[in-house]
Amino acid sequence: MGLLVDRFGLLGAPAMPVSWMRVLGAAVVFAGIVVVLRSGRRPVLEGDAEGLELAIFRVLGVLVGVCTAIQTSVNGYMGGIAGSSMHAGEINLAVGAVLLLVAALVTSPRQLARRPEPGPWWMWLGGLVGATFVISGATLAPLLGTATTVIAFNAGTIAAGQALEARGAFGARKNPLTATRLAGLVVIFLGVLAVRLL
């Protein structure tokens, strides 16, 4: 999606040339992701998705990735209109908060009165990281292009996810980092460099 935004100047983004080498770089990133996913299989646990349900969740994950590219491009454009990426982030998060409130009122209004259970200090980091993601996307997309920004974000997400799973950090299921998964991560980063530099 990021390459399409760059190539056709969608959503107010400046049109940027997309060479075959950049497309090849994106394909290399995709290949690295497949290697990481295929080698990262862990034992199936009770309640895990399988078969058609698993396929639907994977498609949903791809659609969320498409939305991430759209969000990054839109926030970059909004930053230009609003005068700063910080203000664009404020607008983005305010709209998101309103939508979450409406969704909560429609699905289960009682949950708004429920207090979170006590837990570790790091459980509050999600909002901080989310705001940083939004503001960073609004800042970087106009400078680097949507494709490079999104692919770099995804590479960082995958690498950090693998590190967190390897240690079972922040409540993640423990999944050892194998040599094959590590090779897949290297391929992903090579693809990111190809998209950025070629």
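The structure is a predicted model, in which local features need pLDDT of at least 70, side-chain atom pairs count only at pLDDT 80 or more, and totals for chains, interfaces and linings use all residues. Residues are numbered from 1 along each chain as its sequence is written, and side-chain values use heavy atoms, with hydrogens and water left out.

**Overall fold**

The protein chain has seven helices and zero strands; helices (H or I, at least four residues) and strands (E, at least two) are DSSP runs, numbered from the N terminus. Values for the chain as a whole are given below.

| Property of the protein chain | Value |
|---|---|
| Span of the C-alpha trace along its principal axes | about 50 × 45 × 35 Å |
| Share of the 198 residues that are buried | 25% |
| Accessible surface | about 12,800 Å² |
| Share of that surface belonging to carbon and sulfur atoms | 71% |

Buried means under 20% relative accessible area, exposed over 50%, and partly exposed in between (1.4 Å probe, protein chains only). Accessible areas come from the Shrake-Rupley method with a 1.4 Å probe, and for residues only the protein chains shown count as cover.

**The charged pair**

The structure holds one salt bridge, a term for a side-chain nitrogen of Lys or Arg within 4 Å of a carboxyl oxygen of Asp or Glu. The side chains of Asp6 and Arg22 form this bridge, at 3.5 Å from N to O. The pair links distant parts of the chain, with Asp6 in helix H1 and Arg22 in helix H2, 16 residues apart. Both Asp6 and Arg22 are buried, and the relative accessible area of Arg22 is 7%. A polar atom of the Arg22 side chain also lies 3.2 Å from the backbone oxygen of Pro17.

**The surface patch**

Met1, Leu4, Phe8, Leu10, Leu11 and Val74 form a nonpolar patch on the surface, with about 500 Å² of accessible area together. Patches are made of residues with over 30% relative accessible area and no salt bridge, where like charges are joined within 9 Å and nonpolar side chains (Val, Leu, Ile, Met, Phe, Trp, Tyr) within 5 Å. Leu11 lies in the loop between helix H1 (2-8) and helix H2 (20-39), and is partly exposed at 38% relative accessible area.

**Helix H6**

Helix H6 (residues 146-167) has 22 residues and reaches 32 Å from its first C-alpha to its last, close to the 32 Å expected; the expected span is 1.5 Å times one less than the number of residues. Buried residues in H6 include Thr146, Val150, Phe153 and Ile158. Just after H6, Gly168 takes a positive phi of about 70°.

Conventions. A polar contact is a pair of N or O atoms within 3.5 Å; within protein, one must be able to donate a hydrogen and the other to accept it, and residues adjacent in sequence count only if both atoms are side-chain atoms.
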